[in-house]
Amino acid sequence: MLDIALLPGEYAVCRMAAGAGLPPELSSGLGATDVVTVSWTADGVSVICPMDRAPTQAVVETAWRCLRVGAPEDVAVTGTLAALVDPLAGARVSAVAFSTFDTDYLLVPAVRLGEATAALERAGHRLLG
């Protein structure tokens with residue numbers, strides 16, 4: 001069983017051109033629960049952020065909700081993402097996963113949030129907040 005926190009607000013998944021710089025609004029003034037993650041590849045720059053921080057020059061897919069695994073985890077822990085993604089796949093709810101040094105996150109479509117949380121609870125996980 002995992003404790004999972006639903007973060008407030010909606011999130012965006014964004015794509016910027018390869019070599020694009022990080023807009024300053026993404027790295028300043030983050031709230032206590034805000035999450036921003038950036039991945040640079042030769043194909044482009046991907047950003048996940050609160051919807052109101054989505055870069056204006058990006059292609060933006062919006063209306064995701066962000067779930068955070070409640071307790072910090074050891075980087076070497078295995079099976080955490082599978083324990084979350086498998087029940088969502090069974091409920092046919094798409095998910096975008098990303099990890100930090102401390103924990104894992106999932107984005108689920110905002111319109112499917114109720115189905116996602118129900119599937120996670122049926123799998124034995126506890127939703128906080």
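The model described here is a predicted one. With a relative accessibility of 2%, T103 is classed as buried, because buried means under 20% relative accessible area. A polar atom of the T103 side chain lies 3.0 Å from the backbone oxygen of V69.

V69 leads on to the nonpolar core. In soluble globular proteins, nonpolar side chains tend to be buried together. The largest nonpolar core in this model has 12 residues, and V69 is one of them.

The next topic is how the two helices meet. The axes of α1 and α2 come within 9 Å and cross at roughly 120 degrees. That angle makes α1 oblique to α2, because angles of 65 to 115 degrees count as roughly perpendicular and only those over 145 as roughly antiparallel. The crossing is right-handed. On the α1 side the contact is made by L84, P87 and L88, and on the α2 side by A116, A119 and L120.

P87 gives a reference point for a residue elsewhere in the chain. D43 is found in the loop between β3 (37-41) and β4 (44-50). D43 and P87 are 44 residues apart along the chain, and their C-alpha atoms are separated by 31 Å. Is D43 buried or exposed? Its relative accessibility is 62%, so D43 counts as exposed. Apart from neighbours within four places in sequence, D43 is in contact with R15 and A18.

A63, in strand β5, has a positive phi of about 70 degrees although it is not a glycine. A63 has a relative accessible area of 27% and is therefore partly exposed. R92, in the loop between α1 and β6, is not a glycine either, yet has a positive phi of about 60 degrees. R92 has a relative accessible area of 71%, so this residue is exposed.

How values were computed: Residues are numbered from 1 along each chain as its sequence is written. This is a predicted model: local features need pLDDT of at least 70, side-chain atom pairs count only at pLDDT 80 or more; totals for chains, interfaces and linings use all residues. Side-chain values use heavy atoms; hydrogens and water are left out. A nonpolar core is a set of buried Ala, Val, Leu, Ile, Met, Phe, Trp, Tyr and Cys residues joined through side-chain atoms within 4.5 Å. Buried means under 20% relative accessible area, exposed over 50%, partly exposed in between (1.4 Å probe, protein chains only). A polar contact is a pair of N or O atoms within 3.5 Å; within protein, one must be able to donate a hydrogen and the other to accept it, and residues adjacent in sequence count only if both atoms are side-chain atoms. Helices (H or I, at least four residues) and strands (E, at least two) are DSSP runs, numbered from the N terminus. Contact means heavy atoms within 4.5 Å. Axes are lines fitted to C-alpha atoms, for helices over the stretch in contact, and angles run from 0 to 180 degrees between N-to-C directions. Angles under 35 degrees count as roughly parallel, over 145 as roughly antiparallel, 65 to 115 as roughly perpendicular and the rest as oblique. A crossing is left-handed if the near helix is turned anticlockwise from the far one by less than a right angle, and right-handed if clockwise.
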